[in-house]
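Hi there,

Here is the structure I promised to pass on.

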Amino acid sequence: MKVPLSGATPRRMTLYRFLPAAAAAVAALTLAAYLVVVGGSAAHAASTLLSQGKPTTASSTENAGFPAANATDGNTGTRWSSAFSDPQWLQVDLGATANITSVTLNWEAAFATGFQLQTSPDANTWTTIFSTTTGTGGIQNLTVTGTGRFVRMNGTARGTQFGYSLWEFQVFGSIGGTSGCGTTNVALNRPATASSTENANFPASNAVDGNTATRWSSAFSDPQWLQVDLGSTQSICQVSLSWEAAFATAFQIQTSPDAATWTTIFSTTTGTGGVQTLNVSGSGRFIRMNGTARGTQFGYSLFEFSVFAGSGSPPPTTTTAPPTTTTAPPTTTGTIPPPPPTSDTPNFGPNVTIFSPSQSAASIQSTLDSVFNAQAGNQFGNQRNALLFKPGTYNVTANVGYNTEIEGLGQNPDDVSINGGITADAAGNNALVNFWRGVDNLAITPSSGTDTWGVSQGASMRRVDIRGNLKLDPTGDGFSSGGFLADSRISGQVTSGSQQQWISRNNTWGSWAGNVWNMVFVGDVNAPAQHFPNPSFTTINQTPLELEKPYVFIDSGGLYHVFVPSLQQNTTGISWANGPTPGTSLPMHTFYVTQPGDTAATMNAALANGLNLLVTPGFYQLSQTLNVTHPNTIILGMGLATLQPQNGITAIATADVGGVQVDDLLIDAGPTNSNTLVQIGPAGAGANNASNPNAVQDLHFRIGGDGANKATNSLVVNSPNTIGDNTWLWRADHGSGVGWTSNTADTGLIVNGANTTWYGLAVEHYQKLEVQWNANGGRTYFFQNENPYDPPTQSAWMNGGTNGYAAYEVAPSVTSHQAWGVGSYCFFNVNNAIINDHAFEAPNTAGVQFHDLLTVSLGGVGTISHVINQVGAAVNSTTNNVYQPSFP
């Protein structure tokens, strides 16, 4: 066993595996007795297990593998473990006030000698119902008397040098005060989603708006569902469905704590339509109508979906912002910090500038110029800026520098009109390092007739209506290297010029001109016809899964919202061609709006309380992992907001839930090596999120360049059905702290989740396998890679007995995978004699297919011997480019 380094935190394994045989036998007998006594009806004949599957939080976790939810999941093979310090607590929200009769604690070896059991009506004021300083560990069955909605174990003294660790925390009793059914519609104006919509005029939100003249309508197929997030756990006692003529003959009413696991509380195969009022009994934060058989040839259509809760249920989050208290109780009390303040008219902080059409053009132009002048050369600085335009018309021209985003605040792109231009150009006519900038959700009428957007990786243009032409390389036709264009309309011609590679998804334009190595089009109107190579056009007619990035807008009353587009399938062209993009509008008070200097603890308090995060422009150093435990959580950045984990932690980790979106952030590795920077889903995640996928969009990673920073893996995707949309994972090849042993990084992306789909994946300079795809059903549309520039010797860069590492490896066990438009380049400038045996590696089986591959030796500096496996000729100083139309 290795001795921990001085000052390092010891890593703990389950101590039972080190017990002698006799002790292990005793432990097994104890566990068997527990299963007989506690699991049987005799032990709690008059009580109900109230805590299982309920929202659970803790003062800390040892790491992302031991979350609080493990202690209430009913699985004695999973556990919660805390940090190695006192005090620590674990808390469960029962969803309603309960009479508590007993509590069972099933301790792992790291137990508490001193702890209290406490109850609370509000997670602020606590009453102790049991206390001990002589805790024994093992399985403790404690008879107690108390009342509360929240119950916690508050540990004050540990029995080992490690933290506190519970296999299970079980609370028994009965819910009280729920006999009467309330008269308030708890679904009114709550976030609503659906499996589909007939078209943009019939969104899910229409069924919960209180207006019987509007309706939700689905696609004309079975099954279909409509789902509402009630904001907190509710005791559901009645549901009213007001059907339009297109009703359901067969449907279920279902509830869920997490929008992943559903319980049916009503079912029928003889639905009558009209207005159906159903008396039901169930609880959950989420409720849905799940239609399985239609009564007409059309879809399912509801004027209103109303939900009523028992009088003992907690009130849902309303459209009124919660109190703006900013003082949390002392951490020594062990209470969960209250959610930080939210508002529908928030303070967006010092790095967000909001323009109004009432301002003079000269004043706006002066601000735009000032921001650009500060950011034009600030590639590795910490300043971040978001420039937002309220609906209206502006006669200005904006140059966009590093770490800057320009966004319209309209519901639709044409609500904000810029007459002049929004430009990304290049000093010295070289846009190869024009990274980290974006423009979103507005219309541009370029004064010259052509808007110039000369960028490389880590940049995006989304939801833009350009009334003219678009040029994607610098004004002087200099170098440029890749970018992303999505959900945009260009009335004229798009010219790619010197762009070495480019990905376009769901756009409409008059025409396209230009190609170099790798132009990929997915779901674009008027895209060039498929041809590979020379010209190298990879064209896919429809986008199989379209999930556009959320965006901020302001309504006519001056209130802010975040619009979350809904999942669409098999689409072509822009999402707003026939009206507003389908989706759901979330009031801004459902988001905590960060301020530069906010701590991870503040952000985690927001996440634990079910809030989303809007991360305003800034450079945030995280002392804790941001833990996402609620389904449908949005973490949305502005102005390339940057998160840097400290002390080797993971920046963001999500639970095994669906609908989580992590968007528009730059994740910057810290000086202490992190094993993983972002993890989507825990190891072994298996929730079926096909209809409610997780997504990462405009999410970029940086290792080095601003210092000798390190991370073994940048992004690990464990959740099935995840969607990636424009990601750049970059081990820096220039800047400060750059070198083979300085900014170390093994792998950019590891995919363990089945049926993951990626649009626009750029991964560069990692030191081992740069993309490792271990799951079936994967699809990649556009991949761009550069091998590490800096292997000092061939022996330093060997994958076993093979020269170098593949840029993109599909694991030998995978039987189904598709990739379109993939390229890998080498430029071994430290040692020109370095050889990479092959750029791509995959099992040679019919279900694994690559389309339109290429390799490039940039300037003939270095060698890639084969394109994929042992197929394809070498690129080197003699032959710089090799194209492979297909594999196998």
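A word on terms first: a cavity is a set of points on a 1 Å grid over the protein atoms alone where a 1.4 Å probe fits but cannot get out, and its lining residues have an atom within 4 Å of a point. Grid points are joined across faces, edges and corners, and a volume is the space filled by probe spheres set on the points.

Please keep in mind that this is a predicted model, in which local features need pLDDT of at least 70 and side-chain atom pairs count only at pLDDT 80 or more, while totals for chains, interfaces and linings use all residues. Residues are numbered from 1 along each chain as its sequence is written, and side-chain values use heavy atoms, with hydrogens and water left out.

**Cavities**

Searching the whole structure turns up seven cavities of 30 Å³ or more. By class, the lining of the largest cavity holds seven nonpolar, nine polar and no charged residues (Ala, Val, Leu, Ile, Met, Phe, Trp, Tyr, Cys and Pro are nonpolar, Asp, Glu, Lys and Arg charged, and the others, Gly among them, polar).

The second largest cavity comes to about 80 Å³. Among the residues lining it are Ala192, Thr193, Ala194, Pro203, Leu567 and Thr584. β10 (192-194) and β37 (583-587) are the elements giving two or more residues to this lining, and β10 has the largest share, three residues.

**Sheets**

β37 also belongs to an open antiparallel sheet of three strands, ordered β34-β35-β37; two strands pair if DSSP finds at least two bridges between them. β34 (551-554) and β37 are the edge strands, each pairing on one side only. Five bridges link β35 (residues 560-565) to β37, and valine 562 faces leucine 586 of β37.

There is also an open sheet of nine strands with parallel pairing, in the order β41-β44-β46-β48-β50-β52-β56-β58-β60. β41 (626-628) and β60 (863-868) are at the edges with a single partner strand each, so one side of each has no neighbour in the sheet. Within this sheet, β50 (residues 747-751) and β52 (residues 771-773) run parallel and are joined by three bridges, with isoleucine 750 opposite glutamine 772 in β52.

Best wishes

Technical notes. On a 1 Å grid over the protein atoms alone, a cavity is a set of points where a 1.4 Å probe fits but cannot get out, and a pocket is an open set with protein on both sides within 12 Å along at least five of seven lines; lining residues have an atom within 4 Å of a point. Helices (H or I, at least four residues) and strands (E, at least two) are DSSP runs, numbered from the N terminus.
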